[in-house]
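This report covers one surface patch and a few backbone features. Please look over the model first.

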Amino acid sequence: MKHPSGDVSFRILDAAIKRYQYQQDALIEILHSAQDLFGYLDTNLLLYIAHSLKLPPSRVYGVATFYHLFSMVPKGVHHCVVCTGTACYVKGADALLSTVEQFAHLHAGETTANQQFSISTARCLGTCGLAPIVVIDDRVHGYQTPGLLRDRLRPLSRRIDTEV
Ligand code: FES
């Protein structure tokens with residue numbers, strides 16, 4: 001199936017779906033590919049995936065909303081990713097996630113109302129030797145502690161509070 005928009009991102013998504021041979025079991029991997037391509041998963045995108053895999057839309061929506069790795073809203077101008085993969089988890093990823101959630105008054109997968117800041121989690125960012133890892137605005141920070149993270153986030157606090 002081809003997306004009528006001809007959007008190149010949909011063509012790349014189609015190739016990913018084809019690579020997984022349209023297997024319904026590959027839904028999570030395909031949702032990851034879609035989120036990587038589009039930044040977040042909106043309703044039209046979920047319907048497209050459901051149609052491509054011949055799955056009920058309710059099933060695709062249910063999976064996308066169950067895992068907080070997936071975001072249904074666009075990312076903020078500033079974005080923080082906390083790795084919650086095994087290596088980071090055993091070294092305190094939970095405390096890091098709580099730190100950033102308290103800082104921004106958000107939960108993972110959410111964006112502030114003024115679209116300035118969002119939080120997400122990742123399964124493994126491939127740099128486990130630096131665990132625990134946090135990525136802020138695409139910059140990787142290893143060996144994080146709640147205190148170090150609070151210091152890194154502090155310069156962003158004004159933007160979150162005041163920019164609309
Ligand atoms: S588990 Fe966090 S980088 Fe691998």
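Where is Tyr-143 found? Tyr-143 sits in the loop between E4 and helix H7 (146-153). Helices (H or I, at least four residues) and strands (E, at least two) are DSSP runs, numbered from the N terminus.

## Basis

This is a predicted model: local features need pLDDT of at least 70, side-chain atom pairs count only at pLDDT 80 or more, and totals for chains, interfaces and linings use all residues. Residues are numbered from 1 along each chain as its sequence is written, and side-chain values use heavy atoms, with hydrogens and water left out.

## Nonpolar patch

Leu-130, Val-140 and Tyr-143 make a nonpolar surface patch of about 290 Å². Patch residues have over 30% relative accessible area and no salt bridge; like charges are joined within 9 Å, nonpolar side chains (Val, Leu, Ile, Met, Phe, Trp, Tyr) within 5 Å. A salt bridge is a side-chain nitrogen of Lys or Arg within 4 Å of a carboxyl oxygen of Asp or Glu. Areas come from the Shrake-Rupley method with a 1.4 Å probe; for residues, only the protein chains shown count as cover.

Val-140 belongs to strand E4 (residues 139-141). Val-140 is partly exposed, at 48% relative accessibility. Tyr-143 is exposed, at 53%. Buried means under 20% relative accessible area, exposed over 50%, partly exposed in between (1.4 Å probe, protein chains only).

## Backbone features

Tyr-143 has a positive phi, near 50°, and is not glycine. Gln-115, also a residue other than glycine, has a positive phi near 60°. Gln-115 lies in the loop between helix H6 (93-104) and E2. Gln-115 is partly exposed, at 39%.

The peptide bond from Ala-131 to Pro-132 is cis, with omega near 0°. Pro-132 is in the loop between strand E2 (117-122) and strand E3 (134-136).
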